[in-house]
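Please examine the sequence together with the three-dimensional model before reading further. The paragraphs below proceed from strands to cores and then to a helix.

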Amino acid sequence: MARIRRSPHFANGVFQNPGGPARMRPSGSGRDMAKQFLDKDARSRRAPRGTIPVHPTTLADLTRPPATGLRLTWTGHSSVLAEIDGQRVLFDPVWGERCSPFPFAGPKRLHPVPLSLAALGPVDVVVISHDHYDHLDMPTIKELAGTDTVFAVPLGVGAHLERWGVSADRLRELDWQESTRVGGLTLTATPARHFCGRGLRNTQHTLWASWVVAGERHRIYHSGDTGYFEGFRDIGAAHGPFDATMIQVGAYSEFWPDIHMTPEEGVRSHLDLQGGKPGGVLLPIHWGTFNLAPHPWAEPGEWMADAAEAVGQTVAFPRPGAPFEPGGELPTEPWWRPLTRPVPRVWNTGVRSRNEETPSGDLDLAGDR
């Protein structure tokens with residue numbers, strides 16, 4: 001608590017968002033929101049119509065060192081195993097069946113976990129972006145607590161882990177712009193525009209963060225959950241460019257525009273992180289695994305593909321569990337299409353032509369839905 005109170009991002013008893021206050025509760029009419037969630041046709045589009053083709057990740061997939069020194073395995077939602085310069089980093093591991101405080105209610109997985117935690121093999125560091133249930137999963141952390149892995153978490157989140165069996169000497173608890181070394185990696189907590197809390201009365205009492213992980217040869221970025229804000233440019237200037245970014249592009253809605261990004265904004269954030277130009281590989285995360293918003297299940301994939309193509313940005317679309325190397329052959333097949341009806345193109349990429357710049361020098365990606 002002493003560290004929290006000293007944080008420049010903590011005021012009036014709560015953590016503050018960069019860029020001013022963010023709307024954390026749904027805005028607009030409750031009737032309109034209920035109409036979207038309950039509409040029969042819309043509901044039918046919010047889940048796949050068949051079995052998601054999960055890659056059966058094997059020990060052989062993960063024991064062979066990546067030829068390029070960097071390999072990513074998206075296991076669903078925001079969970080990613082990053083093998084970077086000889087170290088293994090596990091972001092936001094959620095192996096539970098539901099992202100909920102209750103084992104019998106709440107959003108349920110739309111596909112199984114590709115492999116067990118034990119089959120992952122040793123992990124050098126587990127990185128947590130914030131304490132929401134779809135990013136900080138108690139059963140998963142309790143299982144990992146029995147290993148000797150280190151946990152890097154935002155300020156205040158360590159208290160959850162200590163209660164669940166993680167010893168304090170294995171915690172690296174960081175404020176924004178603070179760094180820690182784990183093996184040959186430097187991990188830096190960077191700002192995000194979101195909120196926190198695992199109950200109705202503890203909102204904004206623990207910090208949320210995006211993360212930069214830098215090795216000897218590679219740099220990667222994990223957005224956690226965030227709305228779009230100008231701080232991506234600052235993060236890119238200080239820590240980029242990146243070989244790969246893992247960017248939240250699902251569970252967005254017009255009812256909470258400040259705290260989650262659309263795929264359009266996800267592309268914009270990636271470009272900001274890369275200094276304003278296409279570069280590296282963008283891995284879309286926070287979609288496909290849980291039904292958390294009124295948009296169609298497959299819309300993040302389709303919208304991301306359109307937005308990235310409009311500016312010439314390379315995107316990886318792996319099936320859950322399929323390892324790939326950003327410096328090698330990329331998975332690009334739209335694997336979700338056989339599982340859904342055609343997604344209406346209700347978005348406009350807002351880009352005049354590929355790589356065309358506005359008078360201000362910024363790519364115009366402010367499209368309307």
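This is a predicted model: local features need pLDDT of at least 70, side-chain atom pairs count only at pLDDT 80 or more; totals for chains, interfaces and linings use all residues.

The partner of E9 is strand E10 (residues 185–190); the two run antiparallel and are joined by four bridges. Within this pairing, Thr180 has Leu187 of E10 as its bridge partner. Two residues lie between the strands of this hairpin, and Gly183 takes a positive phi near 60°.

Attention now turns to a sheet elsewhere in the chain. Six strands make up an open sheet with mixed pairing, in the order E3-E4-E5-E6-E7-E8. Its edges are strand E3 (70–76) and strand E8 (171–174); each has a single partner strand, so one side of each is left without a neighbour in the sheet. From one strand to the next, the twist averages 20°. In general, the strands of a sheet pair through backbone hydrogen bonds, in either a parallel or an antiparallel sense. Strand E5 (residues 87–91) and strand E6 (residues 125–127) provide a parallel example, with three bridges between them. Here Phe91 stands opposite Val127 in E6.

The largest core has 68 residues, of which Val89, Phe91, Leu187, Trp211 and Ile220 touch the most other members. A second, separate core comprises 21 residues, including Val126, Phe151, Val157 and Val166. More generally, nonpolar side chains in soluble globular proteins tend to be buried together.

How is burial arranged around a helix? In helix H8 (residues 231–239), the buried residues are Gly231, Phe232, Ile235, Gly236 and His239. Viewed down the axis of H8, these residues fall within an arc of 145°, and they therefore line one face of the helix. An α-helix has 3.6 residues a turn, so residues three or four places apart point the same way. On the face of H8 turned away from the buried side are the exposed residues Asp234, Ala237 and Ala238. The buried residues of H8 pack against E10, strand E11 (210–214), strand E12 (219–222) and helix H9 (263–273).

Notes: Residues are numbered from 1 along each chain as its sequence is written. Side-chain values use heavy atoms; hydrogens and water are left out. Two strands pair if DSSP finds at least two bridges between them. Axes are lines fitted to C-alpha atoms, for helices over the stretch in contact, and angles run from 0 to 180 degrees between N-to-C directions. A nonpolar core is a set of buried Ala, Val, Leu, Ile, Met, Phe, Trp, Tyr and Cys residues joined through side-chain atoms within 4.5 Å. Buried means under 20% relative accessible area, exposed over 50%, partly exposed in between (1.4 Å probe, protein chains only). The arc is that of the directions from the helix axis to the C-beta atoms. Contact means heavy atoms within 4.5 Å.
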